[in-house]
Amino acid sequence: MRFVKFTLKGEHAFFKKPDVNSYVYFTYNQIHKVALLGMFGAILGYKGYESQKGKAYPEFYEKLKNLRLAIIPKSKYGIFPKKIQVFNNSVGYASFEQGGNLIVKEQWIENPEWEIYFAIVDEVSEQLADFILKRKCIYIPYLGKNDHPAEIWNPVCLEGREKKEEGIMIHSLMPKNEVQWDPDVEEEEMEELLFRYEEDLPTGLTENVNTYQLTKLIYTNQPIEESISPIYEVEGKNIILI
């Protein structure tokens, strides 16, 4: 199977959590699949939420929802530093407070970087691969919102093969309920400190209302014993597609 791999990074990123907004707008810790599909949709010139007009999904999601991809955080233990940013929105209609000034507090990820892989299996993924490899885009891609331009580095097309071995480390984020861990691995046997990071991240949209469908994804250096989803080896990295 063919894959496109590239490095995705930026100075800051913000992937808003929709469930908390009373004091600070919080971010997911990783770029998630829906955000990546939105970024790919911008690159290809697909329409977004504002032009859905009664359809089940916005155009970018309808065309790209079957894209299979993998995300590898380029940070120790998968965690990036975050900082609360405070700024004013003074456009006048932002707030009904006196003066029309709204004080906004957002949690930004600082200097995020990921390795992104996606499989080339159909016409849409072929077109996306062509745009990424030739560094073309219709709209400027960004990391969550247009305050955070995305940088795409070193795009390459690679061959990957399905891997059947047991007791191997997965380098990408993976669905927690689709893997079983090797129960015999002890921390003393590891070359580095055993770690496990997990988070409920958006992997899809609900029809019509576009609420996030969340999947518990995990990132760890603990070898797995078994995976429901296929494991692919691409340039020495073991990945599971989501």
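Two strands pair if DSSP finds at least two bridges between them. With that in hand, welcome to this predicted model, where local features need pLDDT of at least 70, side-chain atom pairs count only at pLDDT 80 or more, and totals for chains, interfaces and linings use all residues. Residues are numbered from 1 along each chain as its sequence is written, and side-chain values use heavy atoms, leaving out hydrogens and water. Helices (H or I, at least four residues) and strands (E, at least two) are DSSP runs, numbered from the N terminus.

**The six-stranded sheet**

- Six strands make an open sheet in the order E3-E6-E1-E7-E13-E14, and their pairing is antiparallel.
- At its edges are E3 (69-73) and E14, each pairing on one side only.
- From one strand to the next, the twist averages 35°; angles here run from 0 to 180 degrees between N-to-C directions, and axes are lines fitted to C-alpha atoms, for helices over the stretch in contact.
- Eight bridges link E1 (residues 2-9) with E6 (residues 113-120) in the antiparallel sense, and Phe6 stands opposite Ile116 in E6.
- E1 is also joined to E7, by seven bridges, and these two run antiparallel; here Leu8 stands opposite Ile152 in E7.
- E7 in turn is joined to E13 by four antiparallel bridges, with Lys163 opposite Ile231 in E13.
- Four bridges connect E13 (residues 231-234) and E14 (residues 237-240), again antiparallel, and Ile231 faces Ile240 in E14.
- The hairpin of E13 and E14 has two residues between the strands, and Glu235 takes a positive phi near 50° there.

**The three-stranded sheet**

- Another open sheet has three strands in the order E8-E11-E10, with antiparallel pairing.
- Its edge strands are E8 (174-175) and E10 (196-205), each of which pairs on one side only.
- Two bridges join E8 to E11 (residues 212-220), and the two strands run antiparallel; Pro175 stands opposite Leu217 in E11.
- Helix H1 lies across E10 and E11, running at about 50° to E10.

**Two helices that meet**

- The axes of H1 (residues 33-44) and H3 (residues 123-133) come within 10 Å and cross at roughly 75°.
- H1 and H3 are therefore roughly perpendicular to each other (angles under 35 degrees count as roughly parallel, over 145 as roughly antiparallel, 65 to 115 as roughly perpendicular and the rest as oblique).
- Phe40, Ile43 and Leu44 of H1 make the contact with Gln127, Leu128, Phe131 and Ile132 of H3, where contact means heavy atoms within 4.5 Å.
- These contact residues divide into six nonpolar, one polar and no charged; Ala, Val, Leu, Ile, Met, Phe, Trp, Tyr, Cys and Pro count as nonpolar, Asp, Glu, Lys and Arg as charged, and the others, Gly among them, as polar.

**The largest pocket**

- The largest pocket holds about 680 Å³ of space, a volume being the space filled by probe spheres set on grid points, which are joined across faces, edges and corners.
- On a 1 Å grid over the protein atoms alone, a pocket is an open set of points where a 1.4 Å probe fits, with protein on both sides within 12 Å along at least five of seven lines, and lining residues have an atom within 4 Å of a point.
- Its lining has 27 residues, and Gly38, Tyr49, Phe60, Tyr142 and Gly144 lie nearest the centre.
- H1 gives the largest share of this lining, six residues.
- By type, the lining divides into 16 nonpolar, six polar and five charged residues.
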